[in-house]
Amino acid sequence: DWSPEQISLWLKAGYHVSISHEWIYQYILQDKAEGGVLYHHLRCKKQRRKRYGSYNRRGQLIDRISIDERPAIVESRSRIGDWELDTIIGKNHKQAIVSLTERKSRYTLIQKVKRKTAESVSNAIINLLSPFVEKVHTLTSDNGKEFAEHKHIADKLNARFYFAHPYASWERGLNENTNGLIRQYFPKGRDFKTITQKEINRAMNKLNNRPRKCLGIKTPNQVFLGINPSVALVS
């Protein structure tokens with residue numbers, strides 16, 4: 001009852017055997033077509049859309065630097081300036097939201113883009129972080145093609161850009177959690193084309209003025225910007 005991805009990773013780590021999880025899926029589907037029952041052990045038994053080559057394309061980012069080379073201080077959350085990056089897709093894959101979260105303060109910045117292209121995402125990241133360039137040391141994202149201009153982003157912000165391992169969302173757990181919070185304001189059924197800048201600003205204000213247990217009941221605004229509590233909690 002393991003997922004094909006778990007099997008693939010286990011074989012590689014424990015036995016140095018490289019079998020892609022996509023190949024395992026295809027084997028299971030072939031077994032099903034021939035009357036086999038292996039598919040009963042899948043968590044999701046629906047027919048999968050074939051994605052030949054798609055994973056490889058996501059990994060072909062030039063000069064990417066692995067998260068393995070990221071300074072240990074980033075993991076400790078002992079300083080402000082280490083950011084996690086992601087994109088949130090709108091209904092029917094129309095438009096997207098670029099989401100940035102600072103690891104220590106949980107300070108969140110978001111911007112809507114009409115297209116999830118590398119250029120649009122790059123411009124949004126630079127636009128959001130330029131006012132805080134002195135508080136930008138590292139950037140960490142997944143291996144999506146929308147981050148293909150990572151070198152340009154790093155140069156503009158005088159920062160280092162790192163990439164998490166494929167299929168390892170826990171390496172950007174803060175950003176994944178923040179995306180869930182953002183979805184409270186822009187749920188999956190929402191047509192992103194209807195989102196206004198006023199709504200974007202309101203969502204950022206709500207997120208950054210929310211007291212966090214992990215921050216000792218301080219808000220991200222208090223920790224990141226040093227805003228007085230009585231001001232930070234004004235809606």
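1. Basis. This is a predicted model, in which local features need pLDDT of at least 70, side-chain atom pairs count only at pLDDT 80 or more, and totals for chains, interfaces and linings use all residues. Residues are numbered from 1 along each chain as its sequence is written, and side-chain values use heavy atoms, with hydrogens and water left out.

2. Overall make-up. The protein has 10 helices and five strands (DSSP runs, numbered from the N terminus: helices are H or I, at least four residues; strands are E, at least two). Of its 235 residues, 43% are buried (under 20% relative accessible area; exposed is over 50%, partly exposed in between; 1.4 Å probe, protein chains only).

3. Contacts. A contact means heavy atoms within 4.5 Å. Among contacts with a separation of 6 or more, 58% join residues 24 or more positions apart.

4. Helix α7. This helix spans residues 173-182. Its buried residues are L174, N175, T178, N179, L181 and I182. An α-helix has 3.6 residues a turn, so residues three or four places apart point the same way. The cover over the buried residues of α7 includes β1 (82-89), β2 (96-102), β3 (108-113) and α8 (197-208).

5. P131. Where does P131 lie? It sits in the loop between α5 (118-129) and β4 (138-141). P131 counts as exposed because its relative accessibility is 61%. P131 and L157 are 26 residues apart in sequence, and their C-alpha atoms are 10.0 Å apart in space.
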